[in-house]
Amino acid sequence: RRLSVTHALLVEQLQQGRQEGRQEGMQQQTQKLLLRQLRLKFTKFPEVVRQRIEATANLEQLENWLTQVMMANSVAETELGRMVN
């Protein structure tokens, strides 16, 4: 009985670790995509913007910034650009 409880806890921890790993992977990919989009669209942007992107773990926020960058004519038109001032 103790063995089955231990096994169940291990399985639960493994599943949680996998979920966290997937989430972290999605976050890192979105960060890379956002930085790439900034470089392709605007060529240059403030270093503080790169630092902010890399420090942000919130996937929803990263996706929001990505949408803003895709629609903006300059970095200044995005929340990221307004953080510089």
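Q68 counts as buried at 17% relative accessibility, where buried means under 20% relative accessible area, exposed over 50% and partly exposed in between, with a 1.4 Å probe and protein chains only. This residue is found in helix α3, and, leaving aside neighbours within four places in sequence, Q68 is in contact with T78 and E79, contact being defined as heavy atoms within 4.5 Å.

The model is a predicted one, in which local features need pLDDT of at least 70 and side-chain atom pairs count only at pLDDT 80 or more, whereas totals for chains, interfaces and linings use all residues. Residues are numbered from 1 along each chain as its sequence is written, and side-chain values use heavy atoms, with hydrogens and water left out.

**Overall form**

The protein chain holds four helices and zero strands, and reading along the sequence gives the pattern α-α-α-α; helices (H or I, at least four residues) and strands (E, at least two) are DSSP runs, numbered from the N terminus. The C-alpha trace spans about 65 × 20 × 15 Å along its principal axes. The radius of gyration of the protein chain is 19 Å, while a compact globule of 85 residues would have a value near 12 Å; the radius is taken over C-alpha atoms, and the globule rule is 2.2 Å times the number of residues to the power 0.38.

Of the 85 residues, 25% count as buried. The accessible surface of the protein chain comes to about 6,500 Å², of which 51% belongs to carbon and sulfur atoms, the areas coming from the Shrake-Rupley method with a 1.4 Å probe. Among contacts between residues at least 6 apart in sequence, 59% join residues at least 24 apart.

**The nonpolar core**

The largest nonpolar core has 13 residues, and those with the most contacts inside it are L34, L38, I53 and L80. Helices α1 (2–42), α2 (47–55) and α3 (59–71) each supply at least two residues of this core. Such a core is a set of buried Ala, Val, Leu, Ile, Met, Phe, Trp, Tyr and Cys residues joined through side-chain atoms within 4.5 Å. In soluble globular proteins, nonpolar side chains tend to be buried together.

I53 lies in helix α2 and counts as buried, at 0% relative accessibility. Not counting residues up to four places away in sequence, I53 touches Q31, L34, L35, L38, L62, W65 and L80. I53 and Q28 are 25 residues apart in sequence, and their C-alpha atoms are 9.9 Å apart in space. With the same exclusion of residues up to four places away in sequence, L38 touches T43, F45, V49, I53, V69 and V75.

Q27 is found in helix α1 and touches T56, A57, L59 and L62, not counting residues up to four places away in sequence. T43 has its place in the loop between α1 and α2, and its phi is near 65°, a positive value in a residue other than glycine.

| Residue | Relative accessible area | Class |
|---|---|---|
| Q27 | 15% | buried |
| T43 | 58% | exposed |
| I53 | 0% | buried |
| Q68 | 17% | buried |
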